Amino acid sequence: MNKLLIALALAPAAALVAPSVPRAPATVAQANPGIGTGQGPSLEWGGSDTTTGGAKKLSEALEEADIERKKAVEEAERRAKWQEQEREEKLRKVAFMKEMPDDTPAGSVSDYMYKEGVKDQLDKLDYDLVGLLPVKQRVREIAALLVLDKMRRKLGFDTAVPSLHMCFTGAPGTGKTTVAVRMGQILAKMGYCRSGHVVVATRDDLVGQYVGHTAPKTKEVIKQALGGVLLVDEAYYLYNAANDRDYGQESIEILLTFMENNREDLVVVLAGYKDRMDKFFSFIPGMSSRIGNHIDFPNYEVDELFEISKVMSRDLDYEMTDEAGDVFKKYIERRMAMPFFSNARTVRNAMDRARMNAAIRVFDQAIAGANGGDVGAEDLKAITADDFQVILDEALAAEDDAILA
């Protein structure tokens, strides 16, 4: 036993220490960084710390929400203020109406007609247009509505802008454009449109040839007509029932939108033959419901066309002899039996031909030495039967289906 104790005492210290077992590498921590180690990407050097960015986005969202809330509050306040003003205005009007005697004068109709220039425009309509009594009567009815509406406003009565969109039906040369011009001027005088000018458009002006072309063309024409009258001649050509992909439908939809939303700044007049316009409205019921005034322009009679020729002569400082009038009527009767007769336009063409024939007659006489070659004022003003006889002979010699000017 003593020997064992002496041996242990003399043994080296290293021999008494147990051998160390090598540790396995922390493969789990390296294979799955951040799992069970407490070291995520945000704690490593070069990691992305999103704390500041998230706070910034949250701050911006709260700021935007606060702005929207303020806008909503301001809009509600404006609406409430407007409603309060409307209520006060209505109460004031009710009180005014109760206190106002029934015999309170609003002024005389004649004064309004004269001061607003309506009478002058109606007189010009009578002066420029021969016949068309139903048309003139309808225009007077519309003018009466506008005058009385303005008188109502003067006394404080509630008023609303009437539907002023119109449809003019009739053959060419029956005065549709002239009436549209006069209506535009009447509306401007009464304050229902800013300028009263008339923009005449057809399908070619409104409808494009490819996708995306129609809308800009239609809107540009409407832009030109704002404040006045847009006259769409032969409006039925805008719609092609045989082609579902026709671009005219897009133009019609734009027109409908402006007719509804810009009633106080645009008057649309659709013009064309009555039967074709009726068919057009059957395809586009929304268009028909927006037209408040339908006016039909009848064809002129021979005597009325003769009166139109005298008006044209008067405006150009010509004088037609009685014999010239007789020959002119014969020409009109013949021309009415031939294709493409256009009422007043045919009369204008005939007058232009007669003026040319009169000029040739006076020129040849002067060259031939008549009156010493002198030409007097009477010679320059006269249109004789011979001047119309030339075009009458041409019409009589032509076939019944021949096309003349």
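## A walk through the fold

Let's begin with the overall make-up: the protein chain holds 18 helices and seven strands. Please keep in mind that this is a predicted model. Of the chain's 405 residues, 34% count as buried. The contacts also say something about how the chain folds back on itself. Among contacts between residues at least 6 apart in sequence, 77% join residues at least 24 apart.

Start with helix 6, residues 118–128, and helix 8, residues 176–189, which pack with their axes 9 Å apart and at an angle of about 170 degrees. Angles over 145 degrees count as roughly antiparallel, and helix 6 and helix 8 are therefore roughly antiparallel to each other. On the side of helix 6, the contact is made by Val 118, Gln 121, Leu 122, Lys 124, Leu 125 and Asp 128, while helix 8 brings Val 179, Arg 182, Gln 185, Ile 186 and Lys 189. Sorted by class, this contact has five nonpolar, two polar and four charged residues.

The second pair is found further along the chain. Helix 15 covers residues 322–336 and helix 18 covers residues 385–397; their axes lie 8 Å apart, and the angle between the two helices is about 20 degrees. Since angles under 35 degrees count as roughly parallel, helix 15 and helix 18 are roughly parallel to each other. Their crossing is left-handed. Helix 15 contributes Glu 323, Ala 324, Val 327, Phe 328, Lys 330, Tyr 331 and Arg 334 to the contact, and from helix 18 come Ala 385, Phe 388, Gln 389, Ile 391, Leu 392, Ala 395 and Leu 396. The residues of this contact divide into ten nonpolar, one polar and three charged.

You can find His 165 in the loop between helix 7 (133–155) and strand 1 (166–170). Is His 165 buried or exposed? Its relative accessibility is 4%, and buried means under 20%, so His 165 counts as buried. The side chain of His 165 reaches the backbone nitrogen of Val 268 at 3.0 Å.

Terms used. Residues numbered from 1 in each chain as written. Predicted model: local features only at pLDDT ≥ 70, side-chain atom pairs only at ≥ 80, totals over all residues. Heavy atoms only, no water. Axes fitted to C-alpha atoms, helices over the stretch in contact; angles between N-to-C directions. Helix = DSSP H or I, 4+ residues; strand = E, 2+ residues; numbered from the N terminus. Parallel < 35°, antiparallel > 145°, perpendicular 65-115°, else oblique. Left-handed = near helix turned anticlockwise from the far one by under 90°. Contact = heavy atoms within 4.5 Å. Nonpolar A, V, L, I, M, F, W, Y, C, P; charged D, E, K, R; others polar. Buried < 20%, exposed > 50% of the residue type's maximum accessible area, 1.4 Å probe, protein only. Polar contact = N/O pair within 3.5 Å; in protein donor to acceptor, adjacent residues only side chain to side chain.
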